[in-house]
Amino acid sequence: MCAQMYYRGKMFGFVHLYNGQEAVSTGFIKLLKKEDSVVSTYRDHVHALSKGVSARAVMSELFGKTTGCCRGQGGSMHMFSKEHNLLGGFAFIGEGIPVATGAAFTSKYRREVLKEADCDHVTLAFFGDGTCNNGQFFECLNMAALWKLPIVFVVENNLWAIGMSHLRATSDPQIYKKGPAFGMPGIYVDGMDVLKVREVAKTAIERARRGEGPTLVECETYRFRGHSLADPDELRDPAEKAHYTARDPITALKKYIIENKLASEADLKAVDKKIEEVVEDAVEFADESPHPPRSQLLENVFADPKGFGIGPDGRYRCEDPKFTEGTAQV
Amino acid sequence: MAAIFHGVGAATALSPSPSHSVDSKKFQLAPSRSLSARKGRIAVVRSDSSVNLSLNSRGRKDHLWIPNAVATKTDDSAASTASKSGHEILLFEALREGLEEEMDRDPHVCVMGEDVGHYGGSYKVTKGLAEKFGDLRVLDTPIAENSFTGMGIGAAMTGLRPVVEGMNMGFLLLAFNQISNNCGMLHYTSGGQFTIPVVIRGPGGVGRQLGAEHSQRLESYFQSIPGIQMVACSTPYNAKGLMKAAIRSENPVILFEHVLLYNLKERIPDEDYICNLEEAEMVRPGEHVTILTYSRMRYHVMQAAKTLVNKGYDPEVIDIRSLKPFDLYTIGNSVKKTHRVLIVEECMRTGGIGASLTAAINENFHDYLDAPIVCLSSQDVPTPYAGTLEEWTVVQPAQIVTAVEQLCQ
C-alpha cells in the first residue's frame, strides 16, 4: 500500500519497505511491554506498527499530515512515539544504536540510582548488516557489555546494503560471532521463521530483564523489494530472490497454523480482510487529514522556545506573534 | 594567559541590580602584563595534555574587574536579598560547584565523559563527584565520543539529564554526528514528543602551546545546528550560573569553557543563582565604541580597555555569553548608543561567531552604524606549536587598541 501511495504521489522522499522481514519485527517486539523501548532505522514502519503505533498515525506521517505520529515533521524515516516508547527512526545507519544504549542506561540508572527496584525495561536496537561495519556498532557493543546494560542488539541481516553485498563489505561475514568478542552471547537465527525468532528473542529479552547484560542476535532475513522505492534493485540475483520468496514468513506462518489446526482457513481469511480494512481506513484518514499549517513551522525546534533568543526589541523572539504564525525569520 | 583577579570586598559592587551603572574611575585597573611577565608563569603540561598553570605566588591586591551579570527575571530573588560576603573560588571549582548543586537538587542529573569519575576530570571540574554520587552517576566512559554522546542523548530522551563532557572540545568533532543529527533535531523530528535536556561541555580555545588539534574553536562549527543553544563562560560567576542554567534548561545546550581560564579567581555569592542563557553581560559601560567579545578574549579586551581609557577613549565592553542565539537587545542598545562596533573573538575568521554577529548587526541595526563593523578574529591558521607563532594567531590587546583608534577617527 505504501508503494502504491508513493507512486500515486501521496508521499515523497525515501521510503524503505520491510516486506520479507516481518518475522524479525514481530518475533521480537510482540514480546515487549509498553515501557520497553525500541530503536530502529529508516526501515521503521513495521517496527512502529508492531510497537503499537496506530496504522492511521503511521500512514498520516508518511503522507506528511499533521495527524501523523510526529505531526508530519519526521516522515518515513523518523517515526517516533513517546507513548509507545519508539525512540526512532534514524536516517544515518548506526546513529540509533547509541541512543538505544542510552535508553538502556536509563533503565539501569533508574534501578540502581533512583532505586526504582521494579524497573526492568529492556531496549531493542534494530539495524542491518551494513551497520555492523560501522564504528558506532562496535563502540556500543563494548559499552553495553561493559556496564551490563539491558539491551538486545538485533541484526536484520538481509545480505544487502543498497547495492553492496554483505560478503563484499565484511571481512568476517558471520556477525553473531562478534558478540563473544565483546563479552556477550552471539546468536544466529533463521529470520524468516517467526516462531524461531520469538524463541531466541525470549531468551535474549529475559536475560536483559534479569540484568545479565546484552545479547547480539543475528537474524538471517531478506527484503523482497529494493532498498527503497527509488532503488531499481538490479544487482540481486533472481535465484536468490526466488529462494527467499519461497520462505516468505507470513505464508510460512499461515501454513504452520493450518497444519497444526490452530485456526481455520476462514479465520485467516477474516484476518486478511480485517487488515485490508485497517489499511484502507488508514489511507482514508491520512488523505483527509490536514497538511501542517504554517504556524507549525517554528514549533518544536526547541523544547523551551526561549532558545530562539532575545530580539532587538527586548522581547523573546517566541513572544513575537509572527513566530506563532510561522512567518518570523529566525 | 591565566590572570588572577581578586575580588574587592566592596559589598555594593557584588549585588547585581537591575540598573547598575559602574563608575569605572572607582576601580583601579591592574597594571598591564608585559610579554615577559606572562612568560614567567610556569605551565606544566601533563602527558594527558591537560595543562596546569601554577599561579604566581605574588598575588595581586588590585583587581581588574568584577563582572556584574545582567540581572534577569530569574535572578531577581537572589538580587533582592542582601548579598552575604560570598566566597572566593576558582573557575573550575565554580563549575564543579554548579554541577554539584544541580546533582544534589535533581537525582536525574548525571555526568558522562572520559576520566570524569575516578580521575576527577582532566581539568578537575568533576573532582570528588564520583566519590559522592557513585560510578553510575559520574560515568567514566571508554574513548568513544560519538557513541557516548549518543548514549547521553538516548538517556535524555528517556528521562535523565546528562552532562556530557568532552575532554577537549576538539574531541567533540568525533561526536558531530550525534550532536548535529540527534541532539539538535530529535525534538523537532519527533513532533515535540521527546526532549533532549543534555548539556555538552568542555574546554576549548587556544591554550599554551597545545598544538593545532587541541587548540580548536568549535563554536563556528556548531553554530549552524538548529535546535541547540551555545553559551560561553568567562568568569567564575557566569561559569557557575551558566552551568546551572544549562542543566535546568529543557533545550540541549553546549557550554564552551576555555583551557586558560580555569584558574581565574573571583568572589561569588553563596546563595543559589543562575545566569540567563540567552542574555549578554555588560562588562564595562561606555560611550565611544561597542566592543563585543566572549570567553578569553574578554580579558584581552579589558586589558586593551585600560590602555584606551588612558588615551581618552570610553569603550563599552559586552561579553556576549550567548553565542547562539545572540542577545540582540543588549547588543542593539549598545549600538544605538555608540554607533561603532568592534568584535573581538578567538574564533576563526571564516564562518566564525564574529562573522555571524557582523551579519546580524548589519541586518538589524544598519541605520545606527557610523562606521563598518570591524571584526578581529584569529587567523585562519591551524594553531602552531611555537609560542611566538601561537601568540600571533590570536588577537592581542595591542591590535584591539589600534582597531578602536581607527574606528573612532
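This note walks through a few features of the structure above, point by point.

1. **Ground rules.** This is a predicted model, in which local features need pLDDT of at least 70 and side-chain atom pairs count only at pLDDT 80 or more, while totals for chains, interfaces and linings use all residues. Residues are numbered from 1 along each chain as its sequence is written, chains are lettered from A and ligands numbered from 1 in the order in which they are written, and side-chain values use heavy atoms, with hydrogens and water left out.

2. **The annotated domain.** UniProt, in an unreviewed entry, places "domain: Dehydrogenase E1 component" at residues 3–292 of chain A; such annotations may be inferred rather than shown by experiment. Over that stretch the chain is 43% helix and 11% strand (helices are DSSP runs of H or I with at least four residues, strands runs of E with at least two, numbered from the N terminus).

3. Helix α12 of chain A covers residues 265–288, and its 24 residues should span 34 Å at 1.5 Å a residue; the end C-alpha atoms are 35 Å apart, which agrees. The expected span is 1.5 Å times one less than the number of residues. In α12(A), A:Leu268, A:Ala282, A:Val283 and A:Ala286 are buried (under 20% relative accessible area; exposed is over 50%, partly exposed in between, with a 1.4 Å probe and protein chains only). Their cover includes α1, α4 and α11 of chain A.

4. **A buried serine.** Where is A:Ser228? Look in the loop between β7 (215–220) and α10 (238–245) of chain A. A:Ser228 counts as buried because its relative accessibility is 7%. Leaving out residues up to four places away in sequence, A:Ser228 touches A:Val15 and A:His16 (contact means heavy atoms within 4.5 Å).

5. **The nonpolar cores.** The largest nonpolar core has 124 residues, and those touching the most other members include A:Phe28, A:Val152 and B:Phe222. Another core, apart from it, has 42 residues, among them B:Phe92 and B:Tyr273. A core is a set of buried Ala, Val, Leu, Ile, Met, Phe, Trp, Tyr and Cys residues joined through side-chain atoms within 4.5 Å.

6. **A strand in chain B.** From strand β8 (residues 229–232), B:Gln229 and B:Val231 point one way and B:Met230 and B:Ala232 the other, and all are buried. Four bridges join β8(B) to the parallel strand β9 of chain B (pairing needs at least two DSSP bridges). On its other pairing, β8(B) runs antiparallel to β14 of chain B over two bridges, with B:Val231 opposite B:Ser322.
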